[in-house]
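Here are my notes on this model, written as numbered points for you to read beside the coordinates.

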Amino acid sequence: MGLGNAGALVILVAISMFGKNFSADWNGNWNHTAGWPYGHWNANQTSKRIIVGGSENWHFGFNYTDWAIKNGPFYLNDTLVFKYDPPNDTTFPHSVYLLPNFWSFQNCALSRAQKIAQVTQGGGEGFEFVLKRWQPYYFSCGERNGFHCKTGMMKFAVWPFFRWY
């Protein structure tokens, strides 16, 4: 029995909140001074530019939910870069949709989704999306009426957090 997307999202949020901020010394004493909730938010810390899928870019058949879990946490003002080939005779077109809620994400329901990148915007340096708000973001490819999302695993969720120091 697999973890499923709901469980994966819960793990992603937990890792983002706790995974890298707490540490113990050799005596088992926890160091809370650098991490949430005892740390301080650093609005001036440099944001990252993250290529969605890493060297795989944005394509059919790659598990982006797994990629997001392994490459988190993501932080406010980080930029996600979606790189994909423009449509041609040898590749399928891709796009980027922002889904409105978890139910739409689970079901790849595009009826209330917002198309944020056209099929031609992924070439070159790619399409950039800045995580500006503390909220969950649900991304998917909307091509072929959601087939790329449902069957091609072209969907993932992130919830950016404050940077702490």
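1. A search of the whole structure turns up four salt bridges, where the term means a side-chain nitrogen of Lys or Arg within 4 Å of a carboxyl oxygen of Asp or Glu. Please keep in mind that this is a predicted model, in which local features need pLDDT of at least 70, side-chain atom pairs count only at pLDDT 80 or more, and totals for chains, interfaces and linings use all residues. Residues are numbered from 1 along each chain as its sequence is written, and side-chain values use heavy atoms, with hydrogens and water left out.

2. Take Arg-49 and Glu-128, whose side chains meet in a salt bridge at 3.0 Å, N to O. Arg-49 belongs to strand β3 (residues 49–51) and Glu-128 to strand β7 (residues 127–130), so this pair ties together parts that lie 79 residues apart in sequence. Helices (H or I, at least four residues) and strands (E, at least two) are DSSP runs here, numbered from the N terminus. Arg-49 is partly exposed, with a relative accessible area of 42%, and Glu-128 is also partly exposed at 42%. On this scale buried means under 20% relative accessible area, exposed over 50%, and partly exposed in between (1.4 Å probe, protein chains only).

3. Lys-70 and Asp-66 form another salt bridge, with 3.0 Å from N to O. Both residues sit in helix α2 (residues 64–71), four residues apart, which is about one turn of the helix. Lys-70 is exposed at 64% relative accessibility, while Asp-66 is partly exposed at 31%.

4. How far apart are the closest N and O atoms of Arg-163 and Asp-78? They are 2.3 Å apart, and the two residues form a salt bridge. This pair links distant parts of the chain, with Arg-163 in the segment after β9 and Asp-78 in the loop between α2 and β4 (79–82), 85 residues apart. Arg-163 and Asp-78 are both buried. Elsewhere, salt bridges with shared partners join Arg-49, Glu-125 and Glu-128 into one network.

5. Glu-143, in the loop between β8 and α4 (147–150), deserves a look of its own. Glu-143 is buried yet has no salt bridge, and the nearest side chain of opposite charge is Lys-115, 4.1 Å away. For charge, Lys and Arg count as positive and Asp and Glu as negative, while His and the chain ends are not counted. Leaving out residues up to four places away in sequence, Glu-143 touches Pro-93, His-94, Ser-95, Lys-115, Val-119 and His-148; contact means heavy atoms within 4.5 Å.

6. Asp-85 lies in the loop between β4 and β5 and is partly exposed, with a relative accessible area of 47%. Beyond its neighbours within four places in sequence, Asp-85 is in contact with Thr-91 and Val-119.

7. Four strands form an open sheet in the order β6-β5-β8-β9, with antiparallel pairing; two strands pair if DSSP finds at least two bridges between them. The edge strands, each pairing on one side only, are β6 (114–117) and β9 (155–158). Strand β5 (residues 96–99) is joined to β6 by three bridges, and Val-96 stands opposite Ala-117. Four bridges connect β8 (residues 137–140) with β9, where Phe-139 has Phe-156 as its bridge partner.

8. Are the residues on the two faces of β9 buried or exposed? Lys-155 and Ala-157 on one side and Phe-156 and Val-158 on the other are all buried. In β8, Ser-140 is buried at 0% relative accessibility. Leaving aside neighbours within four places in sequence, the contacts of Ser-140 include Trp-58, Tyr-97, Cys-149 and Lys-155.

9. Finally, the overall figures. The protein has four helices and nine strands, and 42% of its 165 residues count as buried. Among contacts between residues at least 6 apart in sequence, 70% join residues at least 24 apart.
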